[in-house]
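Here's a quick tour for anyone meeting this structure for the first time. Have a look at it before reading on.

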Amino acid sequence: MAAVAPQAFEALTQPATVPRRSMRAGRRRRLNIFRYLVFTLFGLFFLLPLAAMVRFSLEGTKAGSWSVAAWTQIVSYPNLLGAIEITLELAVLTCAVIGVLVVPTLIWIRLRVRWISRAVEFLCLLPLTIPAIVLVVGLAPIYNRIRAHISLSALQLFWAYAILALPYAYRALIAGLDAIDTKTLSEAARSLGAGWFTVIWRVVVPNMWPAILNAMILTSALVLGEFTVALLLLYTNLQTSLYYISRETANAGVLFSTSAAALLFAFVLLMILSLAGRRRGHR
Amino acid sequence: MTSPVTEAHSAQSRAGVEVRLQGLRRQYGQVVALDGLDLTIGPGELVALLGPSGCGKTTTLRLLAGLEDADNGTITVGGKDITHQSASKRDMGMVFQAYSLFPHMTVRENVAFGLRLRRISRAERDRRALEMLELVGLSTQAGRYAHQISGGQQQRVALARALAIQPQVLLLDEPLSALDAKVRAQLRDQIRRIQLEVGITTLFVTHDQEEALAIADRVGVMQDGRIEQLGPPTAIYSRPATAFVAEFVGLTNRLVGTVSGSSVTVRGRDLPLVDLSTPPGPVTALVRPEAVTLASDSSGGSGPLTGTVIAITFLGATSRVTVDLGDTTILAQLATSDATALSAGSRVTLTIRPDPVLVSGAPAVTEE
């Protein structure tokens with residue numbers, strides 16, 4: 001009996017498990033094919049117009065000839081480098097505002113005043129529902145009043161950008177807070193003698209670093225691509241510069257080369273941010 | 001490595017402090033979590049709070065840790081009133097139910113965290129962290145992260161981290177509940193061994209009676225924010241003060257009986273009463289399964305203590321036998337060697353050992 005039982009068990013289980021395993025493998029293969037298909041379709045949807053744009057910018061004056069003139073001309077615009085610089089500074093400043101104000105505030109709310117989180121969520125997501133043009137209508141009198149007394153550089157845009165970036169940063173940070181057991185970790189730290197500042201700085205922040213990085217990437221992406229607020233408040237950033245270049249030049253190729261360069265610039269910057277953050281996360 | 005636990009680890013050799021909770025009250029909205037709780041834990045003593053969910057045991061521990069504030073009452077540790085002191089200044093080590101290691105730190109860094117906050121030099125905190133890890137048998141895992149070690153190991157690291165700061169009191173909030181049975185038993189014994197070696201005053205909260213009875217010097221059984229009974233494990237089990245304690249700790253047969261004088265008559269047998277002031281009349285007697293013994297009945301006779309085996313549950317060294325007495329069923333706990341002679345359907349005669357029993361008021365009327 002004892003010798004028969006394992007064989008009988010095997011006989012019973014084998015036919016059931018083998019098809020299940022192959023079924024699972026088949027499903028996984030189908031899922032992978034679907035995944036690659038979707039990825040390819042969306043990739044083509046985004047990349048084809050960009051490739052067409054780059055191709056157009058590389059066309060020479062004669063049909064069938066190629067030239068990089070439209071790309072070399074970019075640097076000949078005197079204001080462009082300044083615009084790039086100011087946009088980068090704006091990205092850094094806006095990220096700093098998010099990092100200094102929003103990150104600790106959300107952690108504090110999670111740890112100490114959770115009952116207020118609904119109201120804060122509503123406030124943080126509100127800019128999503130307000131069109132940029134409406135925001136400008138509200139911000140313009142404030143900026144004008146200040147400008148009447150002090151000359152403001154385009155760097156002042158960071159307050160408006162911090163508001164615009166708030167919903168994206170909020171979602172990224174909340175996802176990070178949801179991913180860790182803040183209550184237990186903070187209580188463990190406090191029982192070991194940590195004050196609230198230490199709990200936030202040494203325990204919670206290091207564990208939500210990927211979320212902070214995501215918030216920074218989203219904020220930077222928003223600042224690098226922002227056009228409406230800067231244009232309507234009469235400031236010059238990268239996007240408005242590109243717009244002015246496109247209006248001034250007779251060469252349509254320059255219009256496309258500058259747009260492609262701006263995209264490439266933003267892409268490379270975000271990649272650097274992401275890689276730097278990942279390396280820190282690994283450490 | 002650590003020395004084995006010996007008799008030398010007596011209460012006298014412990015260096016812990018006394019913890020006194022007086023009239024603690026905590027209310028959440030309309031729910032009273034603690035209703036004037038009084039508890040004194042002696043120096044170096046391990047007291048386990050046992051009770052069903054929502055009885056207030058975790059609230060008691062959190063109030064002692066300073067993670068919540070009491071509405072009323074006082075907490076004194078070593079004679080010092082710490083009722084309004086913040087958690088970070090209470091000098092208490094705590095092990096949580098959920099895994100609480102800091103994920104971004106290695107095992108060694110986790111254990112050294114509290115020492116770092118106390119501004120102890122790097123060399124000294126590394127030495128003490130390794131010493132603590134040796135105490136819990138994990139010195140080889142010092143360089144690993146929490147996600148690289150098992151749940152049982154994580155709780156041992158949490159214990160080492162809590163002990164590294166040399167706290168006055170150790171608080172254990174169901175630290176074994178997320179672990180599998182074997183690891184749980186091993187870690188339970190390890191906690192007790194270390195607690196005795198260190199001699200630290202400890203409050204252990206659990207809903208697992210086996211855990212509480214095995215580990216504690218004294219067990220407090222809680223219900224509705226109050227301690228129903230506080231005493232040594234043997235007293236809690238064999239001399240429960242209330243029907244709730246009798247039913248919560250261990251298994252209990254509820255048998256109809258009649259009180260007369262100092263005894264209760266259950267199915268024709270007179271059993272002594274725990275509470276001699278019980279008024280005469282019909283009651284439900286609470287009889288432990290191990291007070292019931294069985295013998296095969298080949299005569300085929302009938303009587304109030306004759307029945308048919310309907311199930312035998314193998315529990316290892318012991319087996320639990322369910323016997324149908326016609327009007328009720330009764331559980332008996334026997335040595336497995338005795339239970340092997342029985343099988344489902346066999347007729348048996350029961351004997352109830354005349355241990356003092358508790359009664360819980362008039363028996364419920366069952367509708368046929």
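What follows covers a sheet, one of its residues and a nonpolar core.

This is a predicted model, so to speak of local features a pLDDT of at least 70 is needed, side-chain atom pairs count only at pLDDT 80 or more, and totals for chains, interfaces and linings use all residues. Residues are numbered from 1 along each chain as its sequence is written, while chains are lettered from A and ligands numbered from 1 in the order in which they are written.

Let's start in chain B, where five strands make an open antiparallel sheet, ordered β13-β12-β11-β14-β20. Strands here are DSSP runs of E with at least two residues, helices are runs of H or I with at least four, and both are numbered from the N terminus; two strands pair if DSSP finds at least two bridges between them. The edges belong to β13 and β20 of chain B, each with a single partner strand, so one side of each has no neighbour in the sheet. Strand β14 of chain B and β20(B) share two bridges, and Leu286(B) sits opposite Leu358(B).

| Strand of chain B | Residues |
|---|---|
| β13 | 269-272 |
| β14 | 281-287 |
| β20 | 358-359 |

Asp270(B) lies in β13 of chain B. Is Asp270(B) buried or partly exposed, and how many C-beta neighbours does it have inside 10 Å? It has 15, so it counts as partly exposed (buried takes 20 or more other C-beta atoms within 10 Å, exposed 12 or fewer, partly exposed is in between, with C-beta atoms placed from the backbone).

Finally, the largest nonpolar core has 160 residues (buried Ala, Val, Leu, Ile, Met, Phe, Trp, Tyr and Cys joined through C-beta atoms within 7 Å). Helix α6 of chain A gives the largest share, 14 residues.
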